[in-house]
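Subject: Structure handover and findings

Hello,

Here is the structure you are taking over. My notes on it follow.

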Amino acid sequence: MDISFWVFVYIAAAVQAALLALALWRRQTNREANRLLAVWVALAGIDLAVKAGYWHTLAPEWFRAYRFVALFPFLYGSLFFLYVRALTRGLGFRWRDLRHLLGFAAMLLATAPVLLGSTARLQAMSASWIAGERAIGSWFDLTLFVYSLSYVAAALVRVHRYRRGLRERRSDADRLSLRWIDTMAACQLVIWCIAIVQALVYLPILNYGLLFGAIAGWICVMGWFSLNQSPVAVEPEAAPADEGSGAATPAAEPDDARYDDVATRLTQLMDGAAPLYLEPALTIGQVAKRSGYPEYLVSAVINRRFGGTFWDYINRLRVEAARARLADTGDTRTILDIAYACGFTSKSTFNAAFKRQVGETPSGYRKAAQPLTGAAGDAGRR
């Protein structure tokens, strides 16, 4: 393979990784998640820089660093999992999360004889590696693949659960469904597949150059998606704060004199000629701005005067509006059209919210509310 070409690619990718990591660390949107992503990208950049240095010189002195960064993939899978958790739950790195680094620590101990070996031994191992022989047995690759891919799988399971909960709570679930996580995971799976094939069989095209060239490309993909992220709606497993606000809000005093005024204003906005809840992708920030009151105060009033979270409140109003339209014999629109007209932007979210509140499906409710329309008419409306 053309080593000089890949050395250039790696150095360019390492520089890009350093700049991307700095930008992510300073970015306030999805702050906790982006800081974990910054660490992840920085490690990938260091990995590529060391490999570029070793391949450029092929000096034994670089081989020790080369073998050390070869352990970094034991961090990539766990960092991906922690990144997804931070996005979906708003949890940054905690001391207890050190357990997710145990794989890296265990392999660091297992390869310590190589890392701490004498200069003569490193020279021999470097010469063997250059000749195409393994520096460490195949057990290393197998352990790495199983360990890292298990974290990728766990992250995808968490994303699936997040999406399912989001569809049940929010009308703009499709817009906030973290589709870029699927792309990031797919890129990792491609890299791991190349690595697995390269470790098991010799194919000229599937060499170390292509493998780490794919990592360089992955950094570009990461940069594109990470710097274009919109704020993610955190859905904690047990959230005392209003979920619709996307962050914890300071609690208003229980005897705040403005509660009645805020409640009256919200009722006006929701019961007027053009009810605010009919607007798709509505946020609590938009409602607060229209009401003229602080977001934390609007959130507190919704929780204490109307019951439930912001999205419970909005979806309840939307479902009631949909019920009235479904029971109207003169409304011949399809159920999906009615759902959209009432502010929902996702069929699955509408069905879940309607059944949770009414106790039956929208089609079942319409059939019961309009018994004279007949099965054929009901089927036509669907």
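A search for ring pairs gives 16 aromatic pairs. One of them joins Y54 and F63, whose ring centres are 5.7 Å apart; their planes stand at 55 degrees, so the pair is classed as tilted. Y54 and F63 are both buried. Another pair, F354 with Y365, is edge-to-face, with 5.6 Å from centre to centre and 70 degrees between the planes. F354 belongs to helix α16 (residues 347–358) and Y365 to helix α17 (residues 362–369), so this pair ties together parts that are 11 residues apart in sequence. Both F354 and Y365 are buried. There is also an aromatic cluster made up of F74, F81, Y147 and Y151.

Please keep in mind that this is a predicted model.

The charged end of K51 sits over the ring of Y66, at 5.2 Å from the ring centre. The charged end of R318 sits over the ring of F344, and here the distance to the centre is 5.9 Å.

Overall make-up

The protein has 18 helices and 0 strands. Of its 382 residues, 46% are buried. Among contacts in the protein with a separation of 6 or more, 73% are between residues 24 or more positions apart.

An unreviewed UniProt entry places the feature "transmembrane region" at residues 6–25, 37–56, 68–86, 98–116, 136–159, 180–202 and 208–227. I looked at two of these spans in the model. Residues 37–56 are 100% helix and 0% strand, with the end C-alpha atoms 28 Å apart. Residues 68–86 are 84% helix and 0% strand, and the end C-alpha atoms of that span lie 27 Å apart.

Nonpolar cores

The largest nonpolar core has 67 residues, and those with the most contacts inside it are W40, F80, Y83, I181, M184 and W218. Helix α2 (residues 31–57) gives the most to this core, contributing 13 residues. What does F80 touch, leaving aside its neighbours within four places in sequence? The contacts of F80 are W40, V152, A155, I181, M184, A185 and Q188. W40, I181 and M184 from that set are also listed with F80 among the residues with the most contacts inside the core.

Salt bridges

The whole structure holds 8 salt bridges.

R85 and D97 form a salt bridge with their closest N and O atoms 2.7 Å apart. R85 lies in helix α4 (residues 73–89) and D97 in the loop between α4 and α5 (102–110), so the pair ties together parts that are 12 residues apart in sequence. Are these two residues buried or exposed? R85 has a relative accessibility of 4% and therefore counts as buried. D97 is buried as well, with a relative accessible area of 0%. R85 and D97 are linked with R94 in a network of salt bridges.

D331 forms a salt bridge with R333, and the closest N and O atoms are 2.8 Å apart. D331 has a relative accessible area of 9%, so D331 is buried. R333, with a relative accessible area of 32%, is partly exposed.

The side chains of E32 and R31 also meet in a salt bridge, at 3.6 Å from N to O. E32 counts as partly exposed because its relative accessibility is 34%. R31 counts as partly exposed too, at 32% relative accessibility.

Helix α13

Which residues of helix α13 (residues 295–307) are buried? They are L297, V298, S299, A300, V301 and I302. The cover over these buried residues includes α11 (259–271), α12 (284–291) and α14 (310–327). Just after α13, G308 takes a positive phi of about 85 degrees.

Regards

Technical notes:
Residues numbered from 1 in each chain as written. Predicted model: local features only at pLDDT ≥ 70, side-chain atom pairs only at ≥ 80, totals over all residues. Heavy atoms only, no water. UniProt positions renumbered as here; feature names shortened; annotations may be inferred. Helix = DSSP H or I, 4+ residues; strand = E, 2+ residues; numbered from the N terminus. Core = buried A, V, L, I, M, F, W, Y, C linked by side-chain atoms within 4.5 Å. Buried < 20%, exposed > 50% of the residue type's maximum accessible area, 1.4 Å probe, protein only. Contact = heavy atoms within 4.5 Å. Phe/Tyr/Trp six-rings, centres within 6.5 Å; stacked < 30°, edge-to-face > 60°. Lys NZ or Arg CZ within 6 Å of the ring centre and 35° of its normal. Salt bridge = Lys/Arg side-chain N within 4 Å of Asp/Glu carboxyl O.
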